[in-house]
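Student: I have a model open and want to learn how to read it. Where do we begin?

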Amino acid sequence: MEVAVRVVQAACTLCQRVQSSLLLPASASASGSVHSKIDRSPVTVADWGVQAIVSWLLSDCFQDENISIVAEEDDETLSSSDGAALLESVVAAVNGCLIEAPKYGLRSPEKEFKAHDILQAIRRCSSIGGPKGRFWVLDPVDGTLGFVRGDQYAVALALIEDGEVVLGVLGCPNYPMKKEWLNYHQRYYRLMSKVSPPTSGSWHKGCVMYAHRGCGQAWMQPLVHDFGKLDWRNSREVRVSTVSDPISATFCEPVEKANTSHSFTAGLAHSVGLRKQPLRVYSMVKYAAIARGDVEIFMKFARAGYKEKIWDHAAGVVIIREAGGVITDAGGRPLDFSRGVFLEGLDRGIIACSGPLLHHRIVGAVDASWNSSTL
Ligand SMILES: Nc1ncnc2c1ncn2[C@@H]1O[C@H](COP(=O)(O)OS(=O)(=O)O)[C@@H](OP(=O)(O)O)[C@H]1O
Ligand SMILES: [Mg+2]
Ligand SMILES: [Mg+2]
Ligand SMILES: [Mg+2]
């Protein structure tokens, strides 16, 4: 757990630097830093950079060159002839971050990384998961769309043992320790990014959340740029909301309508008596929000045929559960992390709630309205 938290803290620093540079007006570096994948989703220098550093740091910490990691990105684009400029940016971002690894109580590599070291580190995350043994699961940047838009995103790292998520760490660089800081923070960030972006060293407005299966506790600590100054006693326990009356509950969901049916969730919300506007947030920050009691419900109904990937959920699931929440598919069954990179057998959608009462109502409402929906 300690290694995972340190590694995620370091990875968040890399992300913050890349995000600041992306937000520079007409930034020369920005134009080349975002690439479009075959499914037209974005991938950036930060996605590859984080995957490379997490891969290298984990294998270095555990002295295991063959450490097993399932992760979202691959090296195909960077290895291709038109990926040379991107690769160069990733090399610079990774070296800039790893040189500071000792600040996080981690080791820097003996020599600066060259392009082929980066490709190798990215490629090493090629585990395909499964029912047996132990492997890490990494979403280097979850909510890449939010990331490129200067908004919410998360670095998500989990450990799976024999098909069960045993620990999860969620780095949320733009999600302040206190919900009340969020508006102020976002307005400030947008304003600043038009003038001069904040230097990474002065930016302490994020948090890192983590939990270990079976402890019944989940924790949050501030994002730091010098781990030596971080006292583990600054970590505070987080807990889900105690609200169980739908009238006072808030639900959250993905921002993009391509990723979930906003109309179906609006119908569900109405039928169970939710009255507040949904909070649309990018990334697993939604899971962080449930775990620490900022919202009560998360719902996602992807289009038929879309298969959810384990890295989009693993870290968040264990944090929500240990913080006291309930998370299942829409049939009320636990998410199955034991069947490879996909959440195979997922029934319709995902529902996370601060407690069993709300969860029961929503699952019931899905059943009542599913057949008349167009999903
Ligand atoms: N079609 C479709 N349907 C459902 N989900 C999809 C789909 N395409 C992608 N993804 C995955 O969604 C991840 C982003 O989820 P978000 O909750 O951040 O979505 S949103 O941007 O707020 O709409 C996103 O994670 P990242 O790629 O890490 O950003 C994807 O893994
Ligand atoms: Mg992606
Ligand atoms: Mg993701
Ligand atoms: Mg991602």
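Tutor: With a definition. A residue is near a molecule if its C-beta atom, placed from the backbone, lies within 6 Å of it. Keep in mind that this is a predicted model.

Student: How many residues surround ligand 1, and which are the closest?

Tutor: The shell holds 19 residues. G143, P254, V255, E256 and A302 are the closest. Two elements, β4 (134-142) and α7 (144-148), each give two or more residues to this shell.

Student: What is the shell around ligand 1 made of, by class?

Tutor: It has 7 nonpolar, 5 polar and 7 charged residues.

Student: Why does ligand 1 lie between the domains?

Tutor: Because domain 1 (2-237) and domain 2 (246-370) both give residues to its shell.

Student: Now the nonpolar core. Which residues touch the most other members of the largest one?

Tutor: I53, L157, L170, M209 and I319, in a core of 119 residues. Helix α1 (residues 2-23) gives the largest share, 11 residues. Domain 1 and domain 2 each supply at least three.

Student: What does I53 touch, beyond residues up to four places away in sequence?

Tutor: A10, A11, L14, V94, C97 and L98.

Student: How do I read a helix?

Tutor: An α-helix has 3.6 residues a turn, so residues three or four places apart point the same way. Now take α5 (residues 84-98). Its 15 residues reach 21 Å from first C-alpha to last, close to the 21 Å expected. Its buried residues include L86, V90, V94 and C97. The buried residues of α5 pack against α1, β1 (34-36), α3 (45-61), α4 (76-79) and α6 (115-123).

Definitions and conventions: Residues numbered from 1 in each chain as written. Chains lettered and ligands numbered in written order. Predicted model: local features only at pLDDT ≥ 70, side-chain atom pairs only at ≥ 80, totals over all residues. Core = buried A, V, L, I, M, F, W, Y, C linked by C-beta atoms within 7 Å. Buried ≥ 20, exposed ≤ 12 C-beta atoms within 10 Å, placed from the backbone. Helix = DSSP H or I, 4+ residues; strand = E, 2+ residues; numbered from the N terminus. Domains from an automatic or database assignment. Contact = placed C-beta atoms within 7 Å. Nonpolar A, V, L, I, M, F, W, Y, C, P; charged D, E, K, R; others polar. Expected span 1.5 Å × (residues − 1).
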